[in-house]
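Please consult the sequence and the structure shown here.

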Amino acid sequence: MRITTWNVNSIRRRLDTVLDWIQREQPDVLCLQETKCTDDRFPWVVFKALGYSVAMDGQRSYNGVAIAARVPLTEVTVRPVWPKDQDARSISCFVGSTRIVNVYVPYGEKVGTPKFSKKLRWLGRLRDYIVEQEPPTIVSGDFNVAPDDRDVYDPRARHEKLICSTPERERLQSLVNAGYTDALRMVTDEGGHYTWWSHRVGAVERNRGLRIDHHLVSNDIASRIRRVTIDVRERLRSGASDHAPVTLDIQLR
């Protein structure tokens, strides 16, 4: 099964490029973040035409998550991580016998602010939620946390700043400790594999980025991970999102 996570930063604005990518790469499951539209404005008709079922939780102008799959989606749950949250940041479902959880973790504004505290609480709630789920489970999405210095272009400049602070990294590690594997780290220990780059000129070409988009795979199926790829070419396209699609190829029964 091929599972892709992609913060598209507005599905309506980037619909043509997303559809081109889907037809070229043929993911079985696509977890989208920052769709930035209400459910009635989501282009589900064109996804259906490509053979995808879609479950979504939209929000006008901000946030928004969706899961598209070429097989039926069952037991869809909207905002499972924090049901009373006003923001559309999580959605889960089953694809076959595997639970897929798509998350868009809050950015956090700045270390020490109320929004940063909410980010830490959100990550804590995510851990509580996934601990309750029966494996196999795959948690995919934009976590807005770089796990360690290998995942940061300039660790010294980012030291203890947002996305790279110790509290954020500890919360992310707590997810792994709850019985999950960072899929990329199953296939490589190397640094320099980034998923986000600013829109500043030359950022992508010089690979000055961060790895903040992840697939966390429950340990019972971690040995079935075959490949994790980051489509940097897509990020280089004119008008692209600042995130690249990150694809997990995994053998599921």
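## Largest cavity

The largest cavity has a volume of about 60 Å³. A cavity is a set of points on a 1 Å grid over the protein atoms alone where a 1.4 Å probe fits but cannot get out, and lining residues have an atom within 4 Å of a point; the volume is the space filled by probe spheres set on the points, which are joined across faces, edges and corners. Its lining includes W6, R14, E234 and H243. This lining divides into two nonpolar, five polar and three charged residues (Ala, Val, Leu, Ile, Met, Phe, Trp, Tyr, Cys and Pro count as nonpolar, Asp, Glu, Lys and Arg as charged, and the others, Gly among them, as polar).

The model is predicted: local features need pLDDT of at least 70, side-chain atom pairs count only at pLDDT 80 or more, and totals for chains, interfaces and linings use all residues. Residues are numbered from 1 along each chain as its sequence is written, and side-chain values use heavy atoms, without hydrogens and water.

## Second largest cavity

The second largest cavity has a volume of about 40 Å³. Among the residues lining it are D182, T195, R211 and V246. Strand β12 gives the most to this lining, with three residues (strands are DSSP runs of E, at least two residues, and helices of H or I, at least four, numbered from the N terminus).

## Strand β8

Strand β8 (residues 137-142) is largely enclosed by the rest of the structure, because six of its six residues are buried, that is, under 20% relative accessible area with a 1.4 Å probe, protein chains only. β8 pairs with β12 in the antiparallel sense over five bridges, where pairing requires at least two DSSP bridges; S140 has H215 in β12 as its bridge partner. With β7 (residues 98-104), β8 pairs in the parallel sense over six bridges.

Technical notes:
1 Å grid on protein atoms, 1.4 Å probe; cavity = no way out; pocket = protein on both sides within 12 Å on 5 of 7 lines; lining within 4 Å. Buried < 20%, exposed > 50% of the residue type's maximum accessible area, 1.4 Å probe, protein only.
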